[in-house]
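These are my notes from a look through one model.

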Amino acid sequence: MRTRRLRLALTGLVFVGSLLVLSRLVDWQQAVAILARTDILLFGVAVGLYFATIPVRAHRWRILLSGAGIRTTPQPMMLIVLLGLFFNVLLPAKGGDIYRTQLLKERYDVRRTTALGTIGAERTLDVLILAVCLLVSGVGLTTGVGQRNLVVLASVTIGVLTVAIGIIG
């Protein structure tokens, strides 16, 4: 219990310290000028979609962990993924993934190497999906399919990949 409080306090300190450092590095006039030109609806949709991926990412990681014989529960995994994403923004070299590894070890007593292996598998899946999407986009753009048809083609490709990964997982 004491370690948990210490970790929570340390996380809070890192968060507040990061905000203080970042607030000094930001050119606030330029930030306000950029935000004034931003389409708020599109920005809101983008933020909403980003946060909607957290349960999906947590579920995907749970599938990979179950393949390694590790049973987890959904709620803590979503929090671990969210914290990992947060620290990936703040720390260099995907430090949030190391933080996820530590949280998984503390919560489920998983060996760090096992956790890092599943994170590596997750990154590999990300690269494969991006490569397929890039290939589909490249083919669509070079063959003159048209923007609307390209969106349909990309959506179908992503859907097929999602189903395939769900079946394989």
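I started with the rings: Phe-86, Phe-87 and Tyr-99 form one aromatic cluster. The model is a predicted one, so I kept to its thresholds: local features need pLDDT of at least 70, side-chain atom pairs count only at pLDDT 80 or more, and totals for chains, interfaces and linings use all residues. Residues are numbered from 1 along each chain as its sequence is written, and side-chain values use heavy atoms, with hydrogens and water left out.

**Aromatic pairs.** I searched the whole structure and got three aromatic pairs. Phe-86 and Phe-87 make an edge-to-face pair, 5.1 Å centre to centre and with 80 degrees between the planes. For pairing, the ring centres of Phe, Tyr and Trp (its six-membered ring) must lie within 6.5 Å; planes under 30 degrees apart count as stacked, over 60 as edge-to-face and the rest as tilted.

I then looked up accessibility (buried is under 20% relative accessible area, exposed over 50%, partly exposed in between, with a 1.4 Å probe and protein chains only). Phe-86 is partly exposed at 28%, whereas Phe-87 is buried at 5%.

Phe-87 also pairs with Tyr-99, in a tilted arrangement with centres 4.5 Å apart and planes at 50 degrees. Phe-87 is in helix α4 (residues 74-90) and Tyr-99 in helix α5 (residues 95-108), so this pair ties together parts that are twelve residues apart in sequence. I took helices as DSSP runs (H or I, at least four residues), numbered from the N terminus. Tyr-99 is buried too, with a relative accessible area of 16%.

**Charges over rings.** I asked for NZ of Lys or CZ of Arg within 6 Å of a ring centre and within 35 degrees of the ring normal. Arg-100 lies over the face of Trp-61, 4.1 Å from the ring centre. Arg-107 has its charged end over the ring of Tyr-108, at 5.9 Å from the centre.

**α3 against α4.** How do helix α3 and α4 pack, at what angle and with their axes how far apart? I read an angle of about 115 degrees for helix α3 (residues 40-67) and α4, with axes 9 Å apart. Axes are lines fitted to C-alpha atoms, for helices over the stretch in contact, and angles run from 0 to 180 degrees between N-to-C directions.

I listed the contacts (heavy atoms within 4.5 Å). The α3 side includes Tyr-50, Phe-51, Trp-61 and Leu-65, and the α4 side includes Pro-74, Met-77 and Leu-85. By class, the contact of α3 with α4 has 14 nonpolar, no polar and two charged residues. Ala, Val, Leu, Ile, Met, Phe, Trp, Tyr, Cys and Pro count as nonpolar, Asp, Glu, Lys and Arg as charged, and the others, Gly among them, as polar.

**Single residues.** Thr-118 lies in helix α6 (residues 112-142) and is buried at 6%. Leaving aside neighbours within four places in sequence, I found Thr-118 in contact with Trp-61, Leu-64 and Leu-65.

Asn-88 is in helix α4 and counts as buried at 18%. With neighbours within four places in sequence left aside, the contacts of Asn-88 are Lys-94, Gly-95, Gly-96, Asp-97 and Arg-123.

Last, I noted that Asp-109, though not a glycine, has a positive phi of about 55 degrees. Asp-109 sits in the loop between α5 and α6 and is exposed at 63%.

Terms used:
Helix = DSSP H or I, 4+ residues; strand = E, 2+ residues; numbered from the N terminus.
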